[in-house]
Amino acid sequence: MERIMDHLAHERSKAQFSVEEMKIIWAGSLHAFQVSDRIARLVASDPGFRKDNRAVLSRKELFKSALRKAAYVWKRINELALSEEEASWLRFYVDELAYAYIHWGMFVPAIKGSATEEQQQKWLPLANNMQIIGTYAQTELGHGSNVRGLETTATFDQETDEFIIHSPTLTSSKWWPGGLGKVATHAVVYARLITDGQDYGVHGFLVQIRSLDDHFPLPGVTVGDIGMKFGSGAFNSIDNGFLRFNHVRIPRNQMLMKVSRVTRQGKYVESNVPKQLLYGAMVYVRQIIVADASIALSRAVCIATRYSAVRRQFGPPHEDENGKGVETQVIDYKTQQSRLFPLLASAYAFRFVGEWLKWLYTDLIQKLEANDFSTLPEAHACTAGLKSLTTSAAADGIKECWKLCGGHGYLSSSGLPELYAAFVPACTYEGDNIVLLLQVSRFLMKTISQLQTGKKPIGTTAYMAHVEHLIQCRCTVQKAEDWLNPSVILEAFEARAIRLSVACAENLTKFATPLQGFSELSPDLVEAAVAHCQLIVVSKFIEKLQQNIEGNGVKQQLETLCNIYCLNLIHKHLGDFLSTGSISPKQASLASDQLRSRYSKLRSNVIALVDAFNYTDHFLGSVLGRYDGNVYPKLYEEAWKDPLNDSIVPDGYHEYIQPLLKQQLQNARL
Ligand SMILES: CCCCCCCC/C=C\C/C=C/C(=O)SCCNC(=O)CCNC(=O)[C@H](O)C(C)(C)COP(=O)(O)OP(=O)(O)OC[C@H]1O[C@@H](n2cnc3c(N)ncnc32)[C@H](O)[C@@H]1OP(=O)(O)O
Ligand SMILES: Cc1cc2nc3c(=O)[nH]c(=O)nc-3n(C[C@H](O)[C@H](O)[C@H](O)COP(=O)(O)OP(=O)(O)OC[C@H]3O[C@@H](n4cnc5c(N)ncnc54)[C@H](O)[C@@H]3O)c2cc1C
């Protein structure tokens with residue numbers, strides 16, 4: 001036991017940079033580090049937030065435990081008079097999916113984004129004080145991605161000045177909203193607005209669904225939980241629900257009227273705000289999900305990295321720091337490094353692109369407030385594309401981390417199965433990842449077509465202004481070290497992205513209609529969108545390195561991680577880089593050489609690099625990822641805690657094992 005604990009301490013002593021400074025870089029600022037660190041410790045030390053028993057709870061127990069924790073969170077927020085920032089850190093570190101995620105993450109943002117000032121004044125205080133609990137009811141049984149295809153209706157009744165909310169078909173049942181099944185009292189419901197016999201498409205409405213007195217559904221409302229979901233814990237602590245309306249009436253002023261409104265006379269009036277703002281809550285949450293992706297991936301990487309340094313298999317016996325003969329740490333196998341280190345680099349890359357996206361979103365909101373809608377299309381494309389790219393990579397990465405831990409990774413106590421089950425639906429919710437990439441490709445094709453009209457591309461598409469150069473330029477790499485030059489890397493990624501996009505744009509012209517072209521070429525369009533989004537991540541990582549980064553050796557580590565992130569992408573997408581002529585086969589081989597050399601350079605720093613995430617053992621929830629590396633005794637201890645080990649002889653022995661054994665014995669004797 002001691003040896004293993006010493007072993008991680010030895011790993012930490014090899015770090016060539018200041019972990020404390022890196023913690024600040026990871027957190028985003030000294031202030032963010034201090035607040036998050038304080039709240040993380042507060043949660044970890046409070047037995048009310050215990051979560052190590054989750055895997056053995058039944059669905060009902062899990063749900064109730066999540067309700068208890070959500071109520072306790074609210075109590076602690078008030079008792080400690082936490083600021084909004086501290087409260088959101090508290091919810092984050094409690095790490096238990098419950099209605100509060102949707103209430104704060106979607107219901108409140110939907111009201112802020114789509115309600116008029118007057119409506120906000122009425123509803124936000126109620127929501128902010130938890131006098132009502134809200135959900136976001138958009139998806140239906142029959143339609144999720146195709147929002148324009150939603151079937152729920154909101155028909156204006158001029159006589160009573162009300163909307164009648166109705167579910168005309170089974171497929172129009174709302175299906176999936178979190179917190180809806182058993183908890184929410186109110187919902188932002190997306191329904192087709194019909195007035196004067198005309199259908200004006202999907203709009204948002206604020207609808208009360210349960211009584212605030214006895215919690216029973218209101219007349220005309222049928223509501224319940226949609227059932228168990230993937231994995232044992234994960235999303236099963238939350239009540240994703242179904243909801244059907246039978247001519248439920250709401251006052252006219254409960255239509256969210258920032259984008260358009262219906263007058264007392266039933267006239268539909270559009271404001272000067274673009275219709276797309278109705279989808280504003282999705283832009284907001286997608287931006288948060290990118291940050292979530294870096295957190296989920298970094299948790300998994302932290303577990304797999306620490307465990308890989310503890311775990312030993314094969315190899316000629318080495319001498320450890322105490323002169324004892326030991327086997328090889330699995331982290332020293334080059335295959336382990338080539339699977340794990342790019343994931344570590346991706347966690348950092350996603351962290352920085354998430355930081356930038358948060359800035360982009362804040363900038364968008366400021367512009368919208370000044371009635372400047374010019375950056376909305378780019379914000380939509382960036383949030384959609386990066387949500388897609390980072391969640392797909394993080395979900396795959398978590399799965400890889402579990403395999404990197406061998407058999408023990410499959411144990412619930414590793415924390416990895418639940419982390420995977422909780423994160424993988426992020427590839428679907430807030431927009432299916434392929435559907436979102438198609439939105440990006442639509443934006444790219446539009447930008448390319450506008451180049452011909454002389455419109456200057458801006459922001460993340462600014463590189464397209466250099467289309468003539470990027471279409472024909474040749475990569476200048478001659479030796480492996482040349483791949484360490486950021487401008488060389490950037491140009492290779494820009495060339496690959498624009499060449500894929502231009503090829504799509506040219507191919508689209510060969511079809512009878514754009515619609516037919518988009519449909520036929522959609523796999524290529526998705527690849528072009530991925531290349532563009534990867535370019536954004538690469539360029540934001542490089543930009544981060546151009547900032548003033550303090551701390552002994554911190555910048556050097558980030559440079560190595562950035563090189564690994566970029567060179568590994570080249571390695572994985574070699575087909576794209578070669579087929580577009582962005583690099584040559586010889587340069588690809590030099591990139592692989594450089595990648596291998598970067599792994600060696602990173603090796604002694606990896607434990608410190610995952611320590612910089614500053615995750616408590618409570619938050620990690622993993623025996624394999626423990627800070628002290630004391631894995632084996634704790635695995636053994638955890639095994640004893642399983643309910644099956646409550647008794648020496650299991651329940652069922654007398655009914656099913658003993659009679660069977662007896663029968664077989666008797667048969668043998670006969
Ligand atoms: C505390 C924080 C907690 C965070 C929460 C974490 C955990 C919670 C867990 C789960 C919550 C999950 C919630 C949900 O899933 S809610 C439901 C989400 N649903 C979707 O995301 C549906 C995806 N589909 C769509 O977004 C759209 O239908 C579409 C964009 C794919 C297609 O729509 P359609 O109107 O048919 O679009 P067009 O392609 O014709 O586009 C029209 C036009 O509008 C632009 N555009 C589209 N979307 C947006 C947008 N969001 N913002 C701005 N602009 C948008 C599009 O680009 C077109 O523009 P044009 O080319 O210039 O015409
Ligand atoms: C855990 C979880 C929580 C959720 N929470 C909420 C919530 O709180 N509120 C809410 O309203 N919704 C919620 N949802 C629903 C979620 O937003 C939808 O599931 C999501 O938008 C995807 O839509 P879909 O299920 O209709 O998938 P579909 O669109 O049916 O996708 C099925 C397949 O078709 C493909 N596909 C669909 N359209 C196209 C196209 N145009 N081109 C190419 N391929 C296409 C997709 O790529 C996918 O492979 C949640 C979902 C999950 C899993």
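Before I start on helix pairs: axes are lines fitted to C-alpha atoms, for helices over the stretch in contact, and angles run from 0 to 180 degrees between N-to-C directions. Helices (H or I, at least four residues) and strands (E, at least two) are DSSP runs, numbered from the N terminus.

Housekeeping next. This is a predicted model, where local features need pLDDT of at least 70, side-chain atom pairs count only at pLDDT 80 or more, and totals for chains, interfaces and linings use all residues. Residues are numbered from 1 along each chain as its sequence is written, and chains are lettered from A and ligands numbered from 1 in the order in which they are written.

**Entry: α6 with α8**

I looked up α6 (residues 99–114) against α8 (residues 280–310): their axes come within 8 Å and cross at roughly 135 degrees. I therefore note the two helices as oblique to each other (under 35 degrees is roughly parallel, over 145 roughly antiparallel, 65 to 115 roughly perpendicular, and the rest oblique). The crossing of α6 over α8 is right-handed (near helix turned clockwise from the far one by less than a right angle; anticlockwise is left-handed).

For contacts I went by C-beta atoms, placed from the backbone, within 7 Å. On the α6 side I find Gly105, Met106, Pro109, Ala110, Gly113 and Ser114, and they meet Gly280, Ala281, Tyr284, Val285 and Ile288 of α8. These contact residues split into 7 nonpolar, 4 polar and no charged (Ala, Val, Leu, Ile, Met, Phe, Trp, Tyr, Cys and Pro are nonpolar, Asp, Glu, Lys and Arg charged, and the others, Gly among them, polar).

**Entry: α6 with α7**

I then took α6 with α7 (residues 117–128), whose axes come within 10 Å and cross at roughly 165 degrees. That makes the pair roughly antiparallel. Here α6 passes α7 in a left-handed crossing. Phe107, Val108, Ile111 and Lys112 of α6 face Gln120, Trp123, Leu124 and Ala127 of α7 in the contact. I count the classes as 6 nonpolar, 1 polar and 1 charged.

**Entry: α17 with α19**

Further along, I checked α17 (residues 554–572) and α19 (residues 585–602): axes within 9 Å, crossing at roughly 145 degrees. This crossing is left-handed. Among the contact residues I noted Asn563, Ile564 and Leu567 of α17, and Ala588, Leu595 and Arg598 of α19. The contact has 7 nonpolar, 6 polar and 2 charged residues.

**Entry: ligand 1**

What lines ligand 1? I find 29 residues around ligand 1, the closest being Gly105, Val147, Gln276, Tyr279 and Gly431 (a residue is near if its C-beta atom, placed from the backbone, lies within 6 Å). At least two shell residues come from each of α6, α8, α10 (376–404) and α12 (433–451). I logged 14 nonpolar, 11 polar and 4 charged residues in that shell.

**Entry: ligand 2**

Ligand 2 has 21 residues around it, and the closest are Gln138, Thr139, Gly144, Ser145 and Trp176. β1 (134–137) and α12 each supply at least two of the shell, with α12 giving the most at 3 residues. The shell is 11 nonpolar, 9 polar and 1 charged.

**Entry: a sheet**

Last, I looked at an open sheet of 3 strands, ordered β4-β8-β7 with antiparallel pairing (strands pair if DSSP finds at least two bridges between them). β4 (174–175) and β7 (221–225) are at the edges with a single partner strand each, so one side of each has no neighbour in the sheet. I see β4 joined to β8 (residues 241–245) by 2 bridges, and Lys174 has Leu243 of β8 as its bridge partner.

How values were computed. Contact = placed C-beta atoms within 7 Å.
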